[in-house]
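Visitor: I have just started learning about protein structures. Could you walk me through one?

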Amino acid sequence: MSTILQPLVNLGNWCWGLLAAVLVWIFGQELAPLVLYAVKILLLIVGIVVPLLLCVAYVTYAERKVIGYMQVRIGPNRVGPRGWLQPIADGLKLLLKEVIVPAGANKALFVLAPVMAIMPALAAWAVVPFSPGLVLANIDAGLLYVMAITSMGVYGVIIAGWASNSKYAFLGGLRSAAQIVSYEIAMGFALVGVLMAAQSLNLTEIVRGQQGDYGLLNWFWIPLFPLFLVYFVAGVAETNRSPFDVAEGESEIVAGFHVEYSGMAFAVFFLAEYANMILISTMASVMFLGGWLSPLPFLPDSFLWLLAKVCFMLFLFLWFRATFPRYRYDQIMRLGWKVFIPVTLVWIVVLGAWMQTPLWVWWK
């Protein structure tokens with residue numbers, strides 16, 4: 001494989017050297033390194049965002065196919081071979097639709113809300129490690145950054161519900177705000193367990209803390225299994241996915257906080273939901289399932305392992321939607337406050353005691 005890719009690597013190095021020489025000629029010896037660094041960061045950002053948006057598009061296709069098979073239906077199969085171009089057709093359809101702003105809406109906030117919804121879903125990827133040396137910003141407080149930036153996503157939902165000047169949208173915004181705040185606490189406590197086990201806030205170090213001679217038995221999903229379950233289920237609730245989709249309850253409040261949105265404004269909310277699904281799946285894979293580490297010690301570590309784990313977690317999102325009915329609002333609040341938060345608090349205490357005994361073998 002390295003022999004096949006070597007010509008591409010040589011071509012890339014040659015192009016990078018040529019770019020460096022051109023920047024030196026334009027900006028001089030002092031400014032050229034800064035400009036070259038900015039170009040490098042920009043290319044990394046594009047290299048993360050563009051594949052992410054493509055993945056978001058095809059997760060929608062996978063969802064329709066998977067649920068179709070579970071319900072003995074065919075799913076999309078008309079646009080392109082076996083329906084593979086259906087996400088492209090859906091995107092073009094939404095792009096060509098008119099964005100209608102309600103007469104009584106706050107127009108500035110109405111337009112700003114979708115941006116505030118998708119911005120945290122994209123910005124959080126800055127610190128996600130895809131392999132040992134492939135990360136945009138390998139900062140020491142990566143886990144804290146992810147928690148901080150993703151907690152801002154609720155503002156887009158609240159502003160959308162309020163700015164639409166619609167009672168249904170306002171009810172959906174209120175429901176979503178209460179739900180996200182409730183499950184954000186449980187997710188935070190689950191991440192405290194990861195911090196205790198890995199002794200680091202750096203996501204790369206968290207993955208390396210799961211290395212060992214026993215493959216998947218060294219991963220944190222074993223000692224942190226209750227926290228793993230809480231984190232993932234709370235992540236499903238955070239993304240307003242079924243069975244926690246009371247913020248978009250079609251049978252109760254038409255479509256919730258984005259009922260007044262159309263065209264690309266609605267599409268941005270749609271993209272934010274699926275981008276958050278991929279982010280939750282990736283974070284769960286990094287913190288509990290070993291990230292890019294191989295499940296068997298005799299197999300090499302690779303980015304493909306991380307991709308496989310993310311796909312498995314995404315499949316669970318789709319499986320839940322095809323299986324469970326929507327919870328009542330009081331059931332969702334009870335699960336968050338009376339089950340998840342007590343479970344995480346108790347397990348943090350158990351974990352702290354466990355780590356002081358010789359039986360703790362996951363981190364040295």
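Guide: Gladly; let's talk about confidence, the core and the pocket in this predicted model.

Visitor: How do you know how far to trust the chain?

Guide: The pLDDT, which runs from 0 to 100, has a mean of 83 over the chain, and 94% of the residues reach 70 or more. Residues 1-5 have a pLDDT below 50, and beyond near neighbours in sequence this stretch makes 0 contacts in the model. Where pLDDT is low, the predicted coordinates should not be read in detail.

Visitor: What makes a set of residues a nonpolar core?

Guide: Its members must be buried residues of types such as Tyr, Met and Phe, joined through side-chain atoms within 4.5 Å. The largest such set here has 68 residues, and Tyr231, Met283 and Phe288 have the most contacts inside it. Because they belong to this core, these three count as buried, with under 20% relative accessible area. Helix H10 (263-288) is among the helices that supply at least two residues, and H10 gives the largest share, 11 residues.

Visitor: Which residues does Tyr231 touch, leaving aside its neighbours within four places in sequence?

Guide: Among them are Met187, Leu191, Ile280, Met283 and Phe288.

Visitor: What makes Glu273 a charged residue in the lining of the largest pocket?

Guide: Glu273 is one of the lining residues closest to the pocket's centre, and Glu counts as charged, so Glu273 belongs to that class. The lining has 21 nonpolar, 8 polar and 9 charged residues. H10 gives the largest share of the lining, 10 residues, and about 760 Å³ of space lies in this pocket.

Key: Residues are numbered from 1 along each chain as its sequence is written. This is a predicted model: local features need pLDDT of at least 70, side-chain atom pairs count only at pLDDT 80 or more; totals for chains, interfaces and linings use all residues. Side-chain values use heavy atoms; hydrogens and water are left out. Buried means under 20% relative accessible area, exposed over 50%, partly exposed in between (1.4 Å probe, protein chains only). Helices (H or I, at least four residues) and strands (E, at least two) are DSSP runs, numbered from the N terminus. Contact means heavy atoms within 4.5 Å. pLDDT is the predictor's confidence in each residue, from 0 to 100. On a 1 Å grid over the protein atoms alone, a cavity is a set of points where a 1.4 Å probe fits but cannot get out, and a pocket is an open set with protein on both sides within 12 Å along at least five of seven lines; lining residues have an atom within 4 Å of a point. Grid points are joined across faces, edges and corners, and a volume is the space filled by probe spheres set on the points.
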